[in-house]
Amino acid sequence: MDGFVRFAVTGTIMTPDGRERNRQMRVRSGLLALALCIAANAQADERLAALLAGTEVTPPLSGLQVSLVEAGAAGEGFSYGFAQLGDGQGLRRDHKIRVASISKLVVAIGAMRLVERGALDLDGDVGDVLGYALRNPAFSDRPITLRQLLSHTSSLRDGSAYFIGAGEGGMRDFFVPGAPYWDGGRHFAAGEGRGPGDFFTYANLNFGVIGALIERAADERFDLYMQRHVLGPMGLEARFDPCAIDEDQRAAAFRKRDASGVWRPAGPWVVQVDGGAVSCFYGWPGETEAEAFLSAYRPGDNGTLFSPQGGLRASADDLVQVLRMFAAGGELDGTRILEHETVAAMLAPEWRYDPATGNGLTAGEAEPGGPTEGLMSSYGLSVHRIDMGAWGFDGGPALMVGHLGEAYGVLSHALFDPESGDGIAAIITGTADDPAASPPGTSPLYRVEEEIVRWWLARRGR
């Protein structure tokens, strides 16, 4: 359930290995949540505290981190709510949360570093790196490229699954007829104008393939490559392996939904992921089994293993560092992460929606006319480009770039103005009611996300 496509998911707790289990824990909301947020956050903001409490048009939140970028420099930061149930610990700014599809923006940095080294080719046939042919059967004469994967124009689709658990198969099983994850060929688009490079459809599976490409090109396990070549050089303690996060820094995701998927705003908060014991990757949660599996794992066999589409555990402060790097043209505090030309290519529009031809689904994987129609109208190399005026945000930047995320109750965004270098990273750990049930604003964002952006614009204009 990664991505920023808005859709409902049934069940209570979805663990990182994709298995659901029931677990209901209670925590007093309202006054306790506000007390926890004040204890965790020396710097308070009345508007953000009101959003946490749900005193206006949006539901109460379990937790909220917000960090700002001001002219390319790290600015103010805020943290409210609780991190885990029952431990009395407030959500701190250093807590790491599964940030959902903002992960894709960070993974793209790792892929582009390999492009700069010549280990990956943006426009080469990805099958040459994977070691097996990856062609859409309906367009078998046309290669699928890394550029298309990053821009969601590859013609790949999620189907009924886009990840494979440890020991349950390999990446090829998505693409070979008769294989366990073939799914009747649903991982490939078909029809006129739907071939590689033709049509935009947001698909998490693109990033499972990118994860495999990174592993093959670097000859290194995905999570380790990202730690050594992206997260570490940027000075971040964020990780794709949740077991590499200190237990004291883990924050869970929540919702107030029962086992049947019914929202119960007056009921208990229900842990969705990262509450208590965590699975280190898609598959076995036990440490012994995990070590045994990883010791025999061959890089590239299963690019979905560490959830490149959404599994990064990071804080809003971490995401601000990513935004700062982009705003500075690839450099962060004196360390060159990407070349200036690479950053420019990533931020440039790789795809634009053309209403005359209907060359993409602007609500992601949803059909046209859905509740998030217009969410995506321009996209770079794993970079969401937002026309702020079209979304009804007046008086602010004309364009914001970055990425949005939604998974397991978390709502997140990391966006900056490429002209001024101002930006915002926000992570909501969960909502007490369906966020889509709040009165709509002017944008395709959930109302609570829109209110946070409007808060930032007002603060920026002071």
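**Close-up views of a predicted model**

**View 1. The whole chain, before we zoom in.** The protein chain has 11 helices and 16 strands. It runs to 462 residues, and 61% of them count as buried. Take the contacts between residues at least 6 apart in sequence: 69% of these join residues at least 24 apart.

**View 2. Helix H6, tucked inside.** H6 covers residues 205–218. Is this helix mostly enclosed or mostly open? Here 12 of its 14 residues are buried, so the rest of the structure largely encloses it. Among the buried ones you can pick out Leu205, Phe207, Val209, Ile210 and Leu213, along with Glu215. What do they pack against? The buried residues of H6 sit against helices H3 (102–117), H4 (127–130), H5 (146–150) and H7 (222–231). The length checks out too: at 1.5 Å a residue, H6 should span 20 Å, and its end C-alpha atoms are 20 Å apart.

View 3. Side chains of opposite charge can pair when their charged atoms come close. A search of the whole structure turns up 25 salt bridges. In one, Arg135 pairs with Asp125, and their closest N and O atoms are 2.8 Å apart. This pair ties together distant parts of the chain: Arg135 is in the loop between H4 and H5, while Asp125 is in the loop between H3 and H4. Arg135 is partly exposed because its relative accessibility is 30%, whereas Asp125, at 17%, counts as buried. Arg228 and Glu220 also meet through their side chains, at 2.4 Å from N to O. Arg228 is exposed, with a relative accessible area of 52%, but Glu220 is buried at 12%.

**View 4. Helix H11 and its charged residues.** Glu451 and Arg447 both belong to H11 and are 4 residues apart, about one turn of the helix. An α-helix has 3.6 residues a turn, so residues three or four places apart point the same way. The side chains of Glu451 and Arg447 form a salt bridge (2.8 Å, N to O), and both residues are buried. They also join Arg47 and Glu56 in a network of salt bridges.

View 5. Arg459 lies in helix H11, residues 447–460. Buried or exposed? Arg459 counts as buried, because its relative accessibility is 16%. Its side chain makes a polar contact with the side chain of Asp45 at 2.9 Å. Arg459 also touches Leu68, Glu76 and Phe78.

Notes:
Residues numbered from 1 in each chain as written. Predicted model: local features only at pLDDT ≥ 70, side-chain atom pairs only at ≥ 80, totals over all residues. Heavy atoms only, no water. Helix = DSSP H or I, 4+ residues; strand = E, 2+ residues; numbered from the N terminus. Buried < 20%, exposed > 50% of the residue type's maximum accessible area, 1.4 Å probe, protein only. Polar contact = N/O pair within 3.5 Å; in protein donor to acceptor, adjacent residues only side chain to side chain. Contact = heavy atoms within 4.5 Å. Expected span 1.5 Å × (residues − 1). Salt bridge = Lys/Arg side-chain N within 4 Å of Asp/Glu carboxyl O.
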